[in-house]
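Work through the exercises below with the model open. Each task is followed by its solution.

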Amino acid sequence: MHDWYISTVRLRYEVFTGAPYSHVSPLEWRIDPESVRGIARERGYLEIPPMYQGCLSFQYAPQHVPPVPWFDGPDRPDKDRERWLLNRVSGSDQVWISLKHANLSARRVAEVAGTEGLRVAANFGDPDDRILLLGRDPSPPRLPLPAPPGPGFRPVWLNGIVPVTIAVLLVVALISAGASDESEDPLANLLFLAAFAGIIPAAFVTCVFPRTSRLGWLAREFDGRPHVQIAMRAYRISPALVVQIAGYRGYTLSGQRTTQAGGQILMFSKRV
């Protein structure tokens, strides 16, 4: 099942990418032929006679096989949301925008960003959201990305720092309360309940930040390191979008696992 999941995701976003023709060997990919055909149809491909024995061949024909549509926001003027967008892009060289968060259509976002000299550099989507990378230089990054010069702060570390900080402060408060009064202290009980109720949600503190901010943090995870692991609960972004962003940054999905605390974790390797 593990290999099947990885293979289907890679097939969907690394093979059926809009290229005129795609050829897939179900045996090599370890996916049954009907699943391959289903993925091809989702991506707008029409099956044609096989190019060679043992493969399935497809032609990109969205006019005959409409692909599953991507999300798009309202295509109408909205002064409040356009002002929000202008504040996001003003003075920036590169910005990631979630249309779900922006509540604007891709066309409106491109028009507003264009007034600040930014153009659409990349475009990713699924039925739940659509992501635009806006930049002054729309050319794709030069791959493979160089290794980072040294460890830098990653916002996802907040999911570990915040709960530990809360736990330490609560322990100190409980010790102080116990030292001041040996009898049962309502404050100590209240602090204990707060620790029990708050530490677990604090482990996913990044989720309280806006979706567009989380997208920028997610993209920066693919910074040139040989291997990257993404805890899906930390970003609340669909696997489809994560895989597409990773591919743009020069990474391919290499594995996945599930933990009781962190949920699904996707593992990526840098293409060389």
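**Exercise 1.** Find which helices and strands each supply at least two residues of the lining of the largest pocket.

Solution. Step 1: the elements are helix H1 (2-15), strand E5 (119-125), helix H11 (239-248) and strand E8 (251-259). Helices (H or I, at least four residues) and strands (E, at least two) are DSSP runs, numbered from the N terminus. This is a predicted model: local features need pLDDT of at least 70, side-chain atom pairs count only at pLDDT 80 or more, and totals for chains, interfaces and linings use all residues. Residues are numbered from 1 along each chain as its sequence is written, and side-chain values use heavy atoms, without hydrogens and water.

Step 2: H11 gives the largest share of the lining, 7 residues.

**Exercise 2.** Identify the residues with the most contacts inside the largest nonpolar core.

Solution. Step 1: a nonpolar core joins buried (under 20% relative accessible area, 1.4 Å probe, protein chains only) Ala, Val, Leu, Ile, Met, Phe, Trp, Tyr and Cys residues through side-chain atoms within 4.5 Å.

Step 2: the largest one has 31 residues, and Trp96, Phe124, Leu218, Phe222, Ile230, Val242 and Phe268 have the most contacts inside it. H11 supplies the largest share of this core, 7 residues.

**Exercise 3.** Is leucine 133 buried or exposed?

Solution. Step 1: leucine 133 sits in strand E6 (residues 130-135). Step 2: leucine 133 counts as buried because its relative accessibility is 0%.

Step 3: valine 120 is 13 residues from leucine 133 in sequence, yet their C-alpha atoms are 5.9 Å apart.

Terms used:
Buried < 20%, exposed > 50% of the residue type's maximum accessible area, 1.4 Å probe, protein only.
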